[in-house]
Every structure is written in structure tokens, then in C-alpha cells.
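Subject: Structure handover

Dear colleague,

Here is the structure I said I would pass on. My notes on what was found in it follow below.

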Amino acid sequence: MTRGPSDGGQQGADALHGDMDATTAPHRIPPEMPQYGEANHVFELMQNMLEQLLIHQPKDPIPFMIDHLQRDNDYVPKIVILGPPASGKTTIAMWLGKHLNSNLLSVESLIAQEYSSLAADARRHYEKFQTLPNTMLVRLIQERLREEDCVRRGWILDGVPETREQALMIQTLGVSPRHVIVLSAPDTVLIERNLGKRIDPQTGEIYHTTFDWPPESEIQNRLIVPAGVSEGETARRLLEYHRDIVRILPSYPKILKVIPADQPCVDVFCQVCCGQLLKEAMADKSKYGEMIRPFLEKEMAVPDNIIMKVLRQRLDQQDCVERGWVLHGFPRDRDQARLMDGLGYKPNRVFFLNVPFDSIIERLTLRRTDPVTGERYHLMYKPPPTVEIQARLLQSPKDSEEQIKLRTDLFYRNSAELEEFYGRAITVNGDQDLYTVFEYIESGIINPLPRKVP
């Protein structure tokens, strides 16, 4: 049972005086204290407060902390959307801004601020050079984020940062997004998209001659071809983007989400990564389900502390207590592993499956689905039985080589820290037939863990 501030605080104080005598050591923290802290998000509050103090370093910390608490904006949207030209990032950013009732910030909107002398200087510079110095752009972002609407309703940065230097400068100012979304698609698709792009000069809405043509003749007649959409110009911008994005991504290792953009914008917008456990919790309409619902409805990642509460509820059920449990693909990073460990959920076996990248590519890029029957095939290991079926097979955008490389890189960045955390983990060669891999795992479960030689 979780106690609230009315009873848990007094009991915690009594326990503090009774069990934590200053003359004795080591001290034992009464269980009521962490229960109260977890129930009232005290730990997250203190961590966030400490971060803000260290970043801003106010001369008088007390008024600063009071002002920060009164803002109560720790959970407003703070999102960065990145992607190559013609990936649809501006469209997604606009939809997301409307859906979350948040502020859309782009280079164009930043320099269009009417009552800012800095924006006026930036406009003159941009009109002349078609670009902004890093320092000027970051100052514009800082100025805009201080305005009341961004403080209250959050923000969505469209296409910024463009370089690693900008990312580091933004981080230095204490601007920390909660989510970084990267759209990805093959260059050939992006070039084709860009050639058909059209813009409504009155509304700023983006249309396409093939995929999204407005039905109203009035809108059709006023559409214009934007600058820089020729094949050569698009190829040059794509080359520049690929060069920069690989240096930006390491700046956001824990909050990065890559989404295939080679699909309709509606599908991109609605794509959410959520485990079966979270879906069941929300469907159950429990108190945890109600906590999860706002994040899923807003297409936001569920915070680790809430995931842990759902996981704790499930692992404490009788079947898990009596028969044990197996977690697949979780924890995903060291922070989640530490949270699990702190709650007392310590796995007695941890397995890492090691598969060469070439084998991963072979396994995933050749997967296909029959849209008629829903049957899944593999062009090498389980080919379709007839030519007719083969002709209608579809490949998931997630199975493109580019997407697989991004997901694999992210996995290995996190798995290195997880292997260090779980020092006695067992690594199994996953590049074997299914039954051999199963036998190795079964052997690792039945036999005692090998002792490490000191």
C-alpha cells in the first residue's frame, strides 16, 4: 500500500527519529520514506530541480526554485523533429503542434518574430546569406523559449539542430528535449517527393502534385514551386544532411526515436512504440492505465518511472512470484536497469544474443508480408509458394537497410552499458539455428553461472 503525504510523512518522521539515531551507523532508511518519495514523484522533482540549478546557476537559488515550481511545466511537450529534405518533418511538426496544443518553432518562425531586435538582425542576415550563424540561431531559440506560451505549452523544434555544434550549444543552455524524432527514407524516394512539392503562400501548407493535391481550384491556382527542389539541389542537401545527422544522433542517445518516413504522413504521425504490458494496463482502466493514457493519447513515450510501476504491479502478481518471469527486450538501457535493480527486481540470468550485422540485414531485409492473407514470408528461408503471392508481397518500411542500421547502432550503444551493469551476463551466438540457440540458453539457465577468475 502506498501512503500519501498525510500519513506517510508523519510515520517517516517518527521512523527518522527512532531508527536513524545520529550516534549509530550504518543508518537504515525506513521503508515509508522511499514509498512516500515514489508516490509523490519527489525523486524526479529533486533531480529536475538540481539540473536546473546547475544549468542556470542563479545568484539566489531560493526564488529561482520557487519560480520553477510555480511554473509546473516539467511535463509539457519538448520535442525535436529531424529528417532529410522531403521527409515530411514540417508536416508532422505542424500536426504535432496542433495535436498537443504546443508551439512550432522553425528557423522561419524564429526570424519572423515581430517585436525582437535579434529576430530583425537575423532576418537581414538570412535574406542576404540564406543561413544563420550558429550563435545567432541558438540565441533566437533561447529568446523564444523564455516566452510565456513556450513555458506553459512547451515547444516543437522543426529541423533544429542542423549540426552537432548547434546541438551542443543548445544543450549548454540547458535546453533539453524529452523526445527526439528522426524521420528516415531512401534518397530516391525523397528526391521524387521534392520534385512534386508545392506550397500555399497564404497558409504555408505543403502539398504534392501526386500524393496530396488540394481539391479546391482556388488553392490549386495559388500554389507555388518552392526554391531548392530540383533534383541536383535536393541531392546536394541530402548529402549535407547525411554528413551532419550522424554527428547529431550521439547527442541524444536515450531519447531518440527513428521512424520510417517512406509511408503516408498519417501513418508516420500515428506510429507509437508501446509494449504489450502498457497496452494491457491502459485497457484495464486501472490507476496505472489512467497514468499511461495521456502519454499514449499524445503520442509521447511513457516515462521510465511509470513503466516501472506497471512492471512492478505485474511482477508482484502471484504467478510471477511462484513461477518466475522472463523479460524480453527490457531493460533497454542502463537507467532502466538501475531502476529495476533499485526496486529489488534482480534477474538471476541475463542473456545477450550476438548476431553479425550482415546476418541481421539478411534476416530482416528479406522479410515480406502478404497483404491479402496476412501471412509472413522470407525470400530466402520461407519463400512464397506461388508467383501470384510473390507479386503482391510487401516489405515493411522498418525492414529497410537504413532503418535496420539505425536501430542496430542504437541497440549496441545501450547494450555496451547494459553488459557492464550485468557483469555476469551470458553472451550467446545468435547466428545459429533456433534449436541450437535454445539449447545454449537452456544450458545457461540449468547450470550454475561460471565463477570469474580474480
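A residue is called buried here if its relative accessible area is under 20%, exposed if that area is over 50%, and partly exposed in between. By that rule, helix H20 (residues 357-365) has Ser359, Ile360, Ile361, Leu364 and Thr365 buried. These buried residues of H20 pack against strand S9 (367-369) and against H22. Please keep in mind that this is a predicted model.

Overall content

The protein has 23 helices and 11 strands. Of its 454 residues, 37% are buried. The accessible surface of the protein is about 27,700 Å², and carbon and sulfur atoms account for 54% of that. Taking contacts between residues at least 6 apart in sequence, 64% of them join residues at least 24 apart.

The sheet

An open sheet is built from 5 strands, in the order S2-S3-S1-S4-S7, with parallel pairing. At its edges are strand S2 (103-105) and strand S7 (256-260), each of which pairs on one side only. Neighbouring strands in this sheet are turned against each other by 20° on average, direction ignored. In general, the strands of a sheet pair through backbone hydrogen bonds, in either a parallel or an antiparallel way.

Within the sheet, strand S1 (residues 78-82) and strand S4 (residues 179-184) run parallel and are joined by 4 bridges. Val80 has Val180 of S4 standing opposite.

Helix H22 and Val258

Helix H22 (residues 401-421) lies across S4 and S7, and its direction is at about 165° to S7. Which residues does Val258 touch, not counting those up to four places away in sequence? Val258 itself lies in strand S7, and the residues it touches are Val182, Ser184, Gln403 and Leu406. Val258 has a relative accessible area of 18%, so it counts as buried. The C-alpha atoms of Val258 and Leu82 are 9.5 Å apart in space, while the two residues are 176 apart in sequence.

Aromatic pairs and a charge over a ring

Searching the whole structure gives 2 aromatic pairs. Phe411 and Tyr412 have ring centres 5.1 Å apart and planes at 65°; this pair is edge-to-face because planes over 60 degrees apart are classed that way. Phe411 is partly exposed, at 42% relative accessibility, and Tyr412 is partly exposed too, with a relative accessible area of 35%.

Phe421 and Tyr422 form an aromatic pair that is also edge-to-face, with 5.0 Å from centre to centre and 90° between the planes. Is each of these two residues buried or partly exposed? Phe421 is partly exposed, with 28% relative accessibility, whereas Tyr422 has a relative accessible area of 13% and is therefore buried.

Elsewhere, the charged end of Lys382 sits over the ring of Tyr377, at 5.6 Å from the ring centre.

Where to start looking

If you want one place to begin, take Val258 in strand S7 and follow its contacts, among them Val182 and Gln403. From there, go to helix H22, which lies across S4 and S7, and then to the buried residues of H20, which pack against H22 and S9.

Regards

Terms used. Residues are numbered from 1 along each chain as its sequence is written. This is a predicted model: local features need pLDDT of at least 70, side-chain atom pairs count only at pLDDT 80 or more; totals for chains, interfaces and linings use all residues. Side-chain values use heavy atoms; hydrogens and water are left out. Two strands pair if DSSP finds at least two bridges between them. Helices (H or I, at least four residues) and strands (E, at least two) are DSSP runs, numbered from the N terminus. Axes are lines fitted to C-alpha atoms, for helices over the stretch in contact, and angles run from 0 to 180 degrees between N-to-C directions. Contact means heavy atoms within 4.5 Å. Rings of Phe, Tyr and Trp (its six-membered ring) pair if their centres lie within 6.5 Å; planes under 30 degrees apart count as stacked, over 60 as edge-to-face and the rest as tilted. Buried means under 20% relative accessible area, exposed over 50%, partly exposed in between (1.4 Å probe, protein chains only). A charge sits over a ring if NZ of Lys or CZ of Arg is within 6 Å of the ring centre and within 35 degrees of the ring normal. Accessible areas come from the Shrake-Rupley method with a 1.4 Å probe; for residues, only the protein chains shown count as cover.
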